[in-house]
Amino acid sequence: MTRVDFYLLGQQTAAGVYPFACRLLEKIHKSSQVFVALNTMNECETFNKLLWTFHDISFIPHCLITDAIASETPIHLGTVVQLNNHSIVINLSDETLTNLNNLERIIEIVPNEPDLRQASRKKYLAYKNQQCELHTHKML
């Protein structure tokens with residue numbers, strides 16, 4: 001059964017989603033391969049740049065899924081259609097993941113904006129209908 005964690009950001013708007021995702025990646029990338037799903041390759045490039053500059057004293061090993069070194073890197077950035085054989089997905093895309101075959105965990109980050117919260121509620125119901133194990137975490 002796939003576990004889905006919804007992180008509800010307290011005061012943070014959509015601009016706070018990427019930095020929060022970076023902090024999560026710092027914590028979880030050592031345990032298994034992580035795929036960060038974004039809407040477009042332009043978003044992947046933006047997130048890629050943020051990971052390089054997120055902390056000046058640490059490095060989060062990552063690459064675009066299309067890079068030649070992808071097999072050697074624990075964090076892959078790509079679009080939902082590029083998702084393949086990853087156990088953990090941080091879903092920063094607008095899509096609800098439907099092919100959950102090998103997924104152990106999905107992470108959804110929900111900013112404190114009414115329209116985006118409503119979209120996340122729809123994702124929550126879709127994951128519930130797929131019989132996922134759902135968890136909600138309120139971040140302050």
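Does phenylalanine 6 count as buried or exposed? I found that phenylalanine 6 counts as buried, at 3% relative accessibility (buried means under 20% relative accessible area, exposed over 50%, partly exposed in between, with a 1.4 Å probe and protein chains only).

I noted that this is a predicted model, in which local features need pLDDT of at least 70, side-chain atom pairs count only at pLDDT 80 or more, and totals for chains, interfaces and linings use all residues. Residues are numbered from 1 along each chain as its sequence is written, and side-chain values use heavy atoms, without hydrogens and water.

Aromatic pairs: I looked up the total, which is 5. Rings of Phe, Tyr and Trp (its six-membered ring) pair if their centres lie within 6.5 Å; planes under 30 degrees apart count as stacked, over 60 as edge-to-face and the rest as tilted. Tyrosine 124 counts as partly exposed, at 30% relative accessibility. Ring pairs also link Phe6, Tyr124 and Tyr127 into a cluster.

Cysteines: I found 0 disulfides (a disulfide is a pair of cysteine sulfur atoms within 2.5 Å). Cysteine 44 is buried at 0% relative accessibility, and cysteine 132 is buried with a relative accessible area of 10%.
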